Amino acid sequence: VMAPTLGFFPAVTLVVLSGFPAAVSSRRDVLELGDADFDYLATEHETMLVKFYAPWCGHCKKLAPEFEKAASRLKGSVQLAKVDCTANSETCSRFGVSGYPTLRIFRYGKDSAPYDGPRTAEGIYETMRRQTGPDSMHLKTKDDLKAFVNNHDASIVGTRSRVFSGTDSPRLAEFLKAATLLREQFRFAHSTNLCVLLFRPPRLTNAFEDSVVIFRDYLTIGSLRRFIRDHIYGLCPHMTIENRDRLRVRDLLTAYYDLDYHHNLPGSNYWRNRVMKVASKYVGRGLTFSVANKKDFLLELEEDFGMGTSDGGELPFITIRTRLGHKYTMREEFTRDGASLQRFLEDYFAGRLKRYIKSEPIPEKNSGAVKVVVAESFDQVVNDPDKGVLIQFFSPSCPHCKKLEPVYGELADTLRSDPKIVIAKMNAVANDVPLGYDVQGFPTIYFAPVGRKDEPVRYQVTHLSPHPRLEARWTSATSPQGALYCTVDRTIIQTKEKPNKCFALITL
């Protein structure tokens, strides 16, 4: 009777364990560190990426699976680790952690640099892979050079002729210092018989610009940094999830289509060449150009530009996003001769294009104490020059926003009789958030004072409890009588009815 039973359990155990190997392995690949063992364990690893997090943080939860996937791929070369700051406050305080998640790079236990790269598994893998090995690869043969520059990313190669006079040259030392500082973003190599060259990725070779750019300035870290900044991307780079933030520091036109350099190089460059033909006529006008795989940015295009599933088809879908956050879309069909793109650009530079704004409809009735604001009515309500406006950015699914609602309503009812004050709210998921308002989580509250609409003041909640309890209180104010905004005790508004008091949203 016992024999079948004993034979049964090992089989079941094998099935259960084999169902979770990838998930269990990836979690184990991320080293857990704390106050007691951080210094001891961190010194064992040449290069380590540490995530400082809080278990309740939504952004941390989103990052966790990407971080674990990257850890599995980097196993054996770069160690990934995490520190729970709610349980290890001493370590987090020591490294200046003030928000979650915070990622930092360590070398043999010493804090080396903040991690500023992408936060996808692929992006973390590629960024940290570049952190391994020497800052600049030493190329000894022409074959080494050929193999190094034949890469998906651009390459910066520093060598002897015109620049270095020997292996101990001060300029070579300067080049290597620059490689140390910039290795997280770019690929560096050096040899002893050429000059400093920037090689653009072979797949982006085209007839409109050189594939290799020569550095001709006097070599310093600053001049090399400027050279890379000005030439690394060329006339029309391939924008990806990983490099989009670096490209969007400037006004940027992007052509989205079925771009796939792995499986369809000619087709990918077919549309890029047509964009570049037009782009070459607008060099120096303050607009940069790029191409991107539409599938990689579908959600962004739908949310930020209102692109439907039928927009564009096989033709490129064209957008412009300025560094100030203004957005434009080309509604005319992209023509193969580039004429429609040129008309779009002429209208853009002439100021004839209407900005695209994602907005809910302006409410027909808006008589409540808390005024409902949408993107289309934001200027009219919040930027009213005669009124101070308290604006809450919320998400309909946010539990903290729902908890705040009665408190916020009480504030609005109390101040309703004051013609100089408006209490408002806007759904930040369904509407574009204007420039000057940094909304990373919900709820986020700002006050736009009279006379300083371009300097909105953020309501700061410093308590980091995962489940804050909000209360509405009147508290003493030390600001001058008649002021509309108080900063004491995290307070918000002072009224004529209670000139020496401020209404406060207190986080307990």
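Colleague: Which element gives the largest share of the lining of the second largest pocket?

Modeller: Keep in mind that this is a predicted model. The elements that put two or more residues into that pocket's lining are strand E4 (102-107), strand E5 (110-114), helix H6 (121-129) and helix H8 (170-182). The largest share is five residues, and it comes from H6.

Colleague: Okay, and which residues are the closest to the centre of the second largest pocket?

Modeller: We're talking about a pocket with a volume of about 1,200 Å³. Its lining has 50 residues, and the closest to the centre are Arg-130, Asp-153, Glu-242, Asn-243 and Arg-246.

Colleague: Now for cavities: what is the volume of the largest cavity?

Modeller: With a cut-off of 30 Å³ or more, the structure holds one cavity. The largest cavity has a volume of about 40 Å³.

Colleague: Which strand gives the most to the lining of the largest cavity?

Modeller: The lining is made up of Met-239, Arg-248, Leu-252, Thr-254, Tyr-256, Phe-305, Thr-319 and Arg-321. Strand E12 (252-257) and strand E14 (317-321) each supply at least two of the lining residues. The top contributor, with three residues, is E12.

Colleague: And how many residues of that cavity's lining are nonpolar?

Modeller: Two of the lining residues are polar and two are charged. The nonpolar residues number four.

Conventions
Residues are numbered from 1 along each chain as its sequence is written. This is a predicted model: local features need pLDDT of at least 70, side-chain atom pairs count only at pLDDT 80 or more; totals for chains, interfaces and linings use all residues. Side-chain values use heavy atoms; hydrogens and water are left out. On a 1 Å grid over the protein atoms alone, a cavity is a set of points where a 1.4 Å probe fits but cannot get out, and a pocket is an open set with protein on both sides within 12 Å along at least five of seven lines; lining residues have an atom within 4 Å of a point. Grid points are joined across faces, edges and corners, and a volume is the space filled by probe spheres set on the points. Helices (H or I, at least four residues) and strands (E, at least two) are DSSP runs, numbered from the N terminus. Ala, Val, Leu, Ile, Met, Phe, Trp, Tyr, Cys and Pro count as nonpolar, Asp, Glu, Lys and Arg as charged, and the others, Gly among them, as polar.
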